[in-house]
Structures are given as C-alpha cells and as structure tokens.
Amino acid sequence: MNFKQIATYDNYLLASMTMGLLTENEIKCQLKDEHIVTMDPLLNPAVGGIKLLVEEKDYDRALALMKEAEDAYVKDIPCPRCKSLSLTVEEKINNPQDFWGKLKNQVLYGQTSTYSKNYRCSNCEEIFSELPSSF
C-alpha cells in the first residue's frame, strides 16, 4: 500500500476526528508524528505537524469527503459581524512556474508553493483568517 499525505495538523483532536471521518467511510488512513507533537508541542515546526496519510487510490474521495464536511460545518457558524449563516471557504494555492516566483516563495516561506485558506461572509463580505468560534 502506498500512502499519500492529505493534510497536516498541529492539533491531535482535529487530526483524530478527520481520521475517524475517513475511517467511517472505509478509507484506509493513518497518522504520522502524532506522538511527537502530542508529547512535545514545541517540536511541531521541526517535524512538520501531524500528518494525515491516505491510501493513494482513495486520495480524491478522501479530499472530497473532507471538503464536504468542512463546508457543512462552516454553514452552521454565524458571521461575528452580521450574524448571518453565510460563511464560505476560500482557498488559494500560489504555485509559480517561473524561477523568480519559486525563488521568492522559497526565501519568504521556505517552500516553492504556498497555500492559504480564508473564510468569507457572503452577506457582509468580511474575511476571516481563522474560523470564528461557533458559540
């Protein structure tokens, strides 16, 4: 079996919950480095966090399940500004093809491509970098 990394977490509970979701849907998966990060959270940056690995053949299905679960969860959280239930997820991948773009990302972020996720209220257009708490 070949496994492929699908997500990285700095929180064991979230990693375990996601793994449970995938396991319930009969997707073979495993966590890597969860013991190191749980025992000493200061080592999280050194090991790159808790990695969730799924079997390569199930990668696309697992990604779709995780996206669907996040979208369903986000729909139940009210916007802190306008209190409407209209939050959406915005993901952006910056993967430059030219040398200078890759060099800039490598120098600034330590990797050639970057990924960011924001949450936007479609009612008031407010953008949040972190998911607002649901209570």
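I started with Lys-67 in this predicted model, and Lys-67 is partly exposed, with a relative accessible area of 32% (buried is under 20%, exposed over 50%, partly exposed in between; 1.4 Å probe, protein chains only). Asp-71 is partly exposed too, at 26%.

I then looked at how the two side chains meet: Lys-67 and Asp-71 form a salt bridge, 3.6 Å from N to O (a side-chain nitrogen of Lys or Arg within 4 Å of a carboxyl oxygen of Asp or Glu). Both sit in helix 4, residues 59-74, four residues apart, about one turn of the helix (helices are DSSP runs of H or I, at least four residues, and strands are runs of E, at least two, numbered from the N terminus). Glu-91 joins Lys-67 and Asp-71 in a network of salt bridges.

My search of the whole structure gave eight salt bridges. One of them pairs Asp-33 with Lys-51 at 2.6 Å, N to O. Asp-33 is in the loop between strand 2 and helix 2 (34-39) and Lys-51 is in strand 3 (residues 50-55), so this pair ties together parts 18 residues apart in sequence. Lys-51 counts as buried, at 10% relative accessibility.

I also noted Arg-120 and Glu-125, whose side chains meet in a salt bridge of 3.3 Å, N to O. Arg-120 is partly exposed at 22%, and Glu-125 is partly exposed at 45%.

Last, confidence: the chain's mean pLDDT is 89, with 99% of residues at 70 or more (pLDDT is the predictor's confidence in each residue, from 0 to 100).

For my records, local features need pLDDT of at least 70 and side-chain atom pairs count only at pLDDT 80 or more, while totals for chains, interfaces and linings use all residues. Residues are numbered from 1 along each chain as its sequence is written, and side-chain values use heavy atoms, leaving out hydrogens and water.
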